[in-house]
Amino acid sequence: MGGNNYEHILEVKELERNYYAPTAKGGQIIYSILKGVSFQVEAGEFIGIMGTSGCGKTTLLKTLGMLDLPSGGSVRYKGVPTNRIVGDKLAKIRRTELAFVFQDFYLMDSLTVKENIMMPLILNEDNPKKSEQTAVRMAEKFGIAALLNKKPYELSGGEKQRTAICRAMAADPELILADEPTGNLDSNSSMLVIKTLSHINKRMGKTIVLVTHDPKVASYCDKIILLKDGIILNTLEKSGEKKEFYQRILRQMAKL
Amino acid sequence: MLNKFFLKILWNRRRDFFLVVLSGMFIISMVYFSAAVGSFLSFVNTGRLPEMTPLIGEVEKFYLLPYVLLLFLMLLILLSYIRKRSGDYAMLAVLGIQTKHRYRFVGMEYAGIILLSSCGGMMLGFLEAEAARRILEGIFKDITDHIPFGTAPVKLAVIISLIMFGLGFIICDQVVSCLGADALAAGGKKSGRPLKKSPVLLFAGIVTELIALASVVTYWGRIKGHVPQALAAGGLFLMMISVGGFYLTRLRENKGRYYRKLLWLDDWYHRFYYHMNMAYIAAAFLFVIIFDFMPALFDSLPLVQPENYPNDLVWQANEGDEEFLESLKERYGVKVETRKSFRVATADFGEHTGISVSEYEAWTKEHLELSDKEIFVVHQRDREDRGLIGLDFGNRSPRMYIGSTDYDLWIFSGAGVMPGNQFVREYIVKGTKERILTGNFKTRSLDFIGEVYEDIIVFADKEFERIRQNARGANLLVIMEIPKHRDEVVEEVYAYAREHSQVNFYDWQEGNLIYEGRQQGIESRKQKMYGVSAMLINIITLFLCVLFVLIEKQESEYGNMAWKYQFYYRSGMTGKGRKKNVGREVLMTAKAALCGGLILPVLMTAEKVWSKRLPKKWNITYLIWGAVFVLAAAMMVCAVMKVTAHHTFSKIERGNKNGRE
């Protein structure tokens with residue numbers, strides 16, 4: 001996609017996103033969720049997006065992941081405006097280059113853990129045997145090998161999220177978009193999940209954009225974008241120790 | 001591998017899938033059943049199985065709106081199913097499913113629905129039709145020993161299924177391809193469009209209903225009842241949406257009442273249009289039952305209506321036949337009454353009896369005053385036909401030809417048969433009356449026009465004498481009472497008429513204008529029996545549709561209901577309270593359907609009956625029968641829904657107990 005003629009894996013310029021809601025009297029209310037957001041994501045970065053509830057974090061992530069279209073401004077994925085990526089081209093990017101991890105996991109209850117992990121590969125028409133091997137490998141890497149034949153409803157929250165991360169990693173994507181992956185988890189499971197994501201970023205070189213409201217989780221990122229009422233309030237670059245970065249995040253959060 | 005995954009994902013939704021299949025089966029079985037019964041009744045009536053086109057015409061007369069409603073219902077069921085499946089579809093879209101795979105997935109699922117629904121529906125429809133066939137064979141055993149199955153109903157059911165599922169597939173595919181991340185997050189619980197209070201819709205609904213009410217007593221030619229029916233159905237939809245919207249928004253303003261009802265009304269605020277659409281379909285079925293079939297059923301009851309044939313024999317004879325009549329009097333003691341008359345052909349393919357004012361006054365003891373160019377029409381119609389339009393499609397100055405009809409009056413062309421220029425508008429209808437004098441004799445008119453009844457047209461004396469001189473055809477109306485030797489007398493009259501009397505132009509067997517009261521009574525009873533059977537089957541069929549809509553809706557909402565029950569349970573609500581809330585929620589759709597489906601059709605039916613200008617006795621009878629019918633229908637709907645509510649509650653509670661264990 002786009003060859004190597006791109007400077008940033010994601011480039012966001014003056015991004016606006018409005019939602020329209022009908023009123024009881026037949027009119028329309030416009031909700032401006034994002035009001036001119038600009039930033040770039042470089043390959044291999046681990047970026048966190050933080051902000052209070054309703055500030056537009058998830059909307060931003062959905063727009064970056066091409067699950068939503070901008071109302072104004074632009075989002076470029078590898079140099080190509082996302083509104084030009086449609087149909088099978090978009091489907092192929094989702095299968096091979098882009099992966100999502102959601103707060104609510106969205107695993108298929110009818111499939112086993114192994115089958116859930118295999119799903120992107122099967123949709124990509126990869127060899128079933130190889131897909132199975134990949135799923136097993138992933139499960140071993142992220143510590144859920146013992147759960148491969150279980151159904152999602154038999155798992156704990158942390159196990160479900162690790163399964164979802166395995167599914168996201170199965171097709172070896174370049175970019176992972178994670179929407180509050182620790183939102184539904186206890187602190188131990190949260191740490192396990194964020195460490196897993198950090199590992200994926202540091203050791204496997206994957207680019208990650210993470211939405212979170214947890215400063216502790218955010219401290220694992222390289223850069224934090226702080227959103228307030230649809231605009232970027234501040235950007236924090238990691239420097240020094242994680243603890244120090246955590247304290248800086250806390251201070252910034254207090255200003256939100 | 002992909003197919004295996006698809007099937008596994010689908011298996012998780014098997015309950016919803018089979019509910020859609022069952023719905024499809026029911027709908028197709030109804031189409032096949034109605035077409036098959038139409039073909040059986042046509043066979044009883046004509047002695048031959050109908051071909052495709054006449055069958056469509058026959059079924060369409062009664063079932064056009066029900067078929068449209070069934071189509072609408074199937075689309076709603078499919079959309080509701082897609083809504084439930086939207087979480088899965090959206091997840092696959094996020095994972096990057098290819099277009100070809102999406103088509104394979106949706107196509108496979110949809111093909112399964114079509115195949116199972118079609119095969120199951122045909123089989124179910126065949127079983128239902130077989131039961132109806134046996135019942136009809138029993139009822140009409142004096143007419144036919146065996147009623148055969150034809151191929152036309154199968155073809156009709158296949159065509160309608162193709163339309164229904166073809167349309168369904170297009171809509172579903174579009175819906176699936178538009179699913180976004182919202183659907184993923186909603187996981188099949190996405191709300192519909194929000195509730196709106198729309199005065200414009202309310203106004204449009206009221207106007208449409210008023211036009212529908214006016215149209216009931218307006219002539220619609222060959223399209224007949226479809227216009228008021230379509231207007232009323234459209235208006236009913238607008239009214240239900242707008243009145244429902246107003247009620248719920250007003251309720252929200254009254255906080256005390258709103259919060260008391262919120263527990264069981266919340267989903268109506270959440271998915272107003274879905275609930276209202278389903279209630280509308282049930283209401284529209286009730287509308288068809290009450291407006292179309294109920295009065296038609298009452299018209300045919302009792303099966304024997306001797307008041308329509310008060311004379312033993314009515315014969316359109318000629319002056320000069322008196323000698324023959326004298327001999328009948330002498331030999332058989334026949335009482336004969338003769339009246340000077342002539343035949344009057346009308347441009348609506350009818351032929352009537354013309355008499356003078358003096359004859360009319362002597363006959364009825366009623367005074368009548370007419371000028372030369374005025375006529376008075378006595379419509380001789382039974383209750384079923386009353387309220388229909390008058391001479392020459394109700395024209396105040398009807399196109400008439402003084403004399404009997406023959407080929408020379410008509411223009412035959414590829415486009416059909418049209419009245420020629422010998423039909424002129426010379427007289428003005430001064431007044432009309434509904435009264436049986438000779439009898440309710442239907443002209444055996446050309447099939448495509450419909451039935452025209454033999455009326456009595458009264459002319460001013462002077463004018464009568466002037467035009468009678470040159471009138472073609474019979475000119476002596478003979479009415480006989482035959483106390484004994486009926487068969488011999490009738491036989492002799494027929495034999496004499498064959499030699500000397502006018503041939504009925506509209507009779508394909510070239511018979512004479514002789515109407516035998518007893519024979520007419522037997523034929524009428526057969527027709528009434530036919531009408532009653534058809535109406536009862538139609539009523540039962542559509543009533544099953546009403547119940548099906550309500551039960552299907554309930555079953556498809558079982559998941560939500562179970563979830564809500566958990567909420568009640570965990571909030572500490574008593575068992576009685578939980579039961580009451582579940583029951584109210586289940587009954588809500590039925591109540592909305594009954595409000596919509598009873599008020600308007602009752603008004604329109606009352607108007608239809610009133611337009612018949614029936615004697616007071618019959619108006620009261622119709623009122624009592626109607627009230628009983630409507631009450632019974634409402635009670636039956638409520639009873640079935642109460643049972644359904646009880647069943648739903650028990651099922652949820654059983655599940656809940658198991659959960660605790």
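User: Why are Trp618(B) and Tyr622(B) said to be separated by about one helical turn?

Analyst: Both belong to helix α19 (residues 616-660) of chain B, and because they are four residues apart there, about one helical turn separates them. Helices here are DSSP runs (H or I, at least four residues), numbered from the N terminus. This is a predicted model, in which local features need pLDDT of at least 70, side-chain atom pairs count only at pLDDT 80 or more, and totals for chains, interfaces and linings use all residues. Residues are numbered from 1 along each chain as its sequence is written, and side-chain values use heavy atoms, with hydrogens and water left out.

User: What makes the pair of Trp618(B) and Tyr622(B) edge-to-face?

Analyst: Rings of Phe, Tyr and Trp (its six-membered ring) pair if their centres lie within 6.5 Å, and planes over 60 degrees apart count as edge-to-face. The centres of these two rings are 6.3 Å apart and the planes stand at 80°, so the pair of Trp618(B) and Tyr622(B) is edge-to-face. Both residues are also buried, a word that stands for under 20% relative accessible area (1.4 Å probe, protein chains only). Together with Phe298(B), Trp625(B) and Phe629(B), they form one aromatic cluster.

User: How do you know that Glu115(A) and Lys8(B) meet in a salt bridge?

Analyst: The term requires a side-chain nitrogen of Lys or Arg within 4 Å of a carboxyl oxygen of Asp or Glu, and for the side chains of Glu115(A) and Lys8(B) the N to O distance is 2.8 Å. The count between chain B and chain A is three salt bridges.

How values were computed: Chains are lettered from A and ligands numbered from 1 in the order in which they are written. Rings of Phe, Tyr and Trp (its six-membered ring) pair if their centres lie within 6.5 Å; planes under 30 degrees apart count as stacked, over 60 as edge-to-face and the rest as tilted. Helices (H or I, at least four residues) and strands (E, at least two) are DSSP runs, numbered from the N terminus. Buried means under 20% relative accessible area, exposed over 50%, partly exposed in between (1.4 Å probe, protein chains only).
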